[in-house]
Amino acid sequence: MAIKLFTNVYSGNANDSIGINSDHVLTVFETMSINPNTGDEERMTNIFTVSGNTYQVKDSYLEVVARLNENVR
């Protein structure tokens, strides 16, 4: 099991990081969203897992893909 840390899009949690088991990731994709605080359009990366959950992170698409591929055997 390889837990990779990313920056959670959502604030209000105990901290800003989220750990995701890279063995459970099916796909990674980007979407655009409106920031409710500023009204600005922002790009976010989505990590979809085998359990059907989608996690939204601030890390760029390329950063997420690179981190998930670190130490792959």
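Read along the sequence, the chain follows the pattern β-β-β-β-β-α, and there are accordingly one helix and five strands in the chain. Helices (H or I, at least four residues) and strands (E, at least two) are DSSP runs, numbered from the N terminus. This is a predicted model, in which local features need pLDDT of at least 70 and side-chain atom pairs count only at pLDDT 80 or more, while totals for chains, interfaces and linings use all residues. Residues are numbered from 1 along each chain as its sequence is written, and side-chain values use heavy atoms, with hydrogens and water left out.

**The chain as a whole**

For 73 residues a compact globule would have a radius of gyration near 11 Å, and the 13 Å of the chain agrees with this; the radius is taken over C-alpha atoms, and the globule rule is 2.2 Å times the number of residues to the power 0.38. The C-alpha trace spans about 40 × 25 × 20 Å along its principal axes. Of the 73 residues, 27% count as buried, where buried means under 20% relative accessible area, exposed over 50%, and partly exposed in between (1.4 Å probe, protein chains only).

**Strands E3, E4 and E5**

Two strands pair if DSSP finds at least two bridges between them. Strand E3 (residues 25–34) pairs with strand E4 (residues 41–49) in the antiparallel sense over nine bridges, and E4 is joined by four bridges to strand E5 (residues 54–57), again running antiparallel. Within these pairings, Phe29 stands opposite Asn46 in E4, and Val28 stands opposite Ile47 in E4, while Ile47 in turn stands opposite Tyr55 in E5. In a regular strand the side chains alternate between the two faces of the sheet. Each of the two hairpins below has a glycine with a positive phi.

| Hairpin | Residues between the strands | Glycine and its positive phi |
|---|---|---|
| E3 and E4 | six residues | Gly39, near 80° |
| E4 and E5 | four residues | Gly52, near 90° |

**A patch at the surface**

Leu5 has its place in strand E1 (residues 3–7), and it counts as exposed because its relative accessibility is 54%. Together with Met1 and Ile3, Leu5 makes a nonpolar surface patch of about 370 Å². Patches are made of residues with over 30% relative accessible area and no salt bridge, like charges being joined within 9 Å and nonpolar side chains (Val, Leu, Ile, Met, Phe, Trp, Tyr) within 5 Å. A salt bridge is a side-chain nitrogen of Lys or Arg within 4 Å of a carboxyl oxygen of Asp or Glu. Accessible areas come from the Shrake-Rupley method with a 1.4 Å probe, and for residues only the protein chains shown count as cover.
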